[in-house]
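User: Please take me through this model one topic at a time, and end each answer on the item I asked for.

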Amino acid sequence: MSVKIHLGPAGIPISSKGSSTPEGIERVAELGLDAMEVEFVRGVHMKNPLARQTGKIAKEKNIILSVHAPYYINLCNPEKVKDSKKRILDSCERAHYMGAWIVVFHPGYYSGLPKDKAFELILKSCKEMDEVLEKEGWDVRLGLETTGKVSQFGTLEENIGIHKKIKNCVPVVDWAHIFARNVGRIDFEKVIKKMESIHLPMYHTHFSNIEYTVKGERNHLTINHKKPDFMELAKELLKSKIKEITLISESPILEKDSFKMRDMLANLGYKGGGK
Ligand SMILES: [Zn+2]
């Protein structure tokens with residue numbers, strides 16, 4: 001059992017009294033969790049000074065930060081690609097100032113394109129964005145999330161394919177999305193084996209339960225629905241060769257499900273999971 005697991009909410013904890021990101025981080029620390037995803041899903045409204053202040057508090061409190069870029073992104077559509085790249089790069093700039101190591105985004109929709117063509121378009125945009133990161137000196141990974149709808153680019157294999165071409169692009173596993181995309185099935189052992197095959201020092205993932213149809217994801221649920229079962233994932237993680245992993249709770253009850261994950265891991269003998 002050598003894996004180190006970090007836990008925390010997608011966004012400011014529900015039990016946070018203050019509504020600012022720095023206050024959210026303080027609350028995460030009070031709760032004994034050690035990770036938080038900063039949500040820019042409806043747009044990047046944070047300015048650089050607040051990003052800096054956020055980074056200072058996260059460092060003081062030892063909280064691992066990630067950023068979720070806006071939802072309105074489609075790197076497969078020529079009319080949307082420019083704005084999409086701007087949204088991701090704006091997120092990267094804030095991530096740089098707050099010391100967040102990764103910016104997560106949903107790469108795009110196949111939009112009727114053959115899958116290999118969609119892959120080429122996303123690869124091209126990722127290359128261009130990676131060059132900007134390099135030029136600006138922003139030490140931030142581009143995190144391509146496994147998406148929940150069959151119409152969306154972003155199977156684990158596709159995202160690993162991009163990583164193999166651009167090292168700074170890394171797959172972000174959303175366990176519930178894989179489950180929804182496969183209409184209610186996930187082989188945790190197999191997914192973990194694929195993750196291990198690229199030997200990342202740190203893996204960023206999202207966990208919640210999920211409602212789905214044949215088209216994939218509908219909405220997120222609390223983890224007591226066992227869709228999918230966190231216990232199965234926990235067992236596989238503790239057996240795995242993964243060294244370090246973050247599980248961001250995207251459940252409607254956010255941090256409460258982080259506690260549940262921590263308890264379930266503890267039941268399996270894991271010591272840690274936050275602080
Ligand atoms: Zn996402």
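This is a predicted model: local features need pLDDT of at least 70, side-chain atom pairs count only at pLDDT 80 or more; totals for chains, interfaces and linings use all residues.

**Helices, pockets, core and backbone**

User: Which residues of α2 are buried?

Analyst: Residues are numbered from 1 along each chain as its sequence is written, and side-chain values use heavy atoms, with hydrogens and water left out. Helices (H or I, at least four residues) and strands (E, at least two) are DSSP runs numbered from the N terminus, and buried means under 20% relative accessible area, exposed over 50% and partly exposed in between, with a 1.4 Å probe and protein chains only. On these terms, the buried residues of α2 are Asn48, Ala51, Thr54, Gly55, Ile57 and Ala58.

User: What do the buried residues of α2 pack against, and what is the span of this helix?

Analyst: The elements packed by the buried residues of α2 are α1 (21–30), β3 (64–68) and α3 (81–98), where contact means heavy atoms within 4.5 Å. The expected span of a helix is 1.5 Å times one less than its number of residues. Helix α2, residues 48–61, has 14 residues, and the distance from its first C-alpha to its last is close to the expected value, at 20 Å.

User: Where does Asn62 lie, and is Asn62 buried or exposed?

Analyst: Asn62 follows α2 and is found in the loop between α2 and β3. Most residues other than glycine have a negative phi. Asn62, however, has a positive phi near 60°. Because its relative accessibility is 60%, Asn62 counts as exposed.

User: What is the volume of the largest pocket, and which element gives the most to its lining?

Analyst: A pocket, on a 1 Å grid over the protein atoms alone, is an open set of points where a 1.4 Å probe fits, with protein on both sides within 12 Å along at least five of seven lines, and lining residues have an atom within 4 Å of a point. With volume taken as the space filled by probe spheres set on the points, the largest pocket has about 550 Å³, and of its 26 lining residues the closest to the centre are Val41, His68, Tyr71, His106 and Glu217. The elements that give two or more residues to this lining are α3 and β11 (216–221). The one that gives the most, with four residues, is β11.

User: Which residues line the second largest pocket closest to its centre, and how does its lining divide by class?

Analyst: The second largest pocket has a volume of about 280 Å³, and of the 15 residues that line this pocket the closest to its centre are Glu157, Ile178, Asn182, Val191 and Lys194. Among the elements that each supply at least two residues, α5 (156–165), α6 (175–181) and α7 (188–196), α7 gives the most, with three. Ala, Val, Leu, Ile, Met, Phe, Trp, Tyr, Cys and Pro count as nonpolar, Asp, Glu, Lys and Arg as charged, and the others, Gly among them, as polar. By these classes, the lining has four nonpolar, five polar and six charged residues.

User: Which residues joined by a peptide bond make it cis?

Analyst: Most peptide bonds are trans. In the loop between β11 and α8 (230–239), where Pro228 is found, Lys226 also has its place, with a positive phi near 55°. The cis peptide bond, with omega of about 0°, joins Lys227 and Pro228.

User: Which residues does Ala234 touch, not counting residues up to four places away in sequence?

Analyst: Ala234 has its place in helix α8 and, at 0% relative accessibility, counts as buried. The C-alpha atoms of Ala234 and Ala266 are separated by 9.8 Å, although these residues are 32 residues apart along the chain. Not counting residues up to four places away in sequence, Ala234 touches Leu265 and Leu268.
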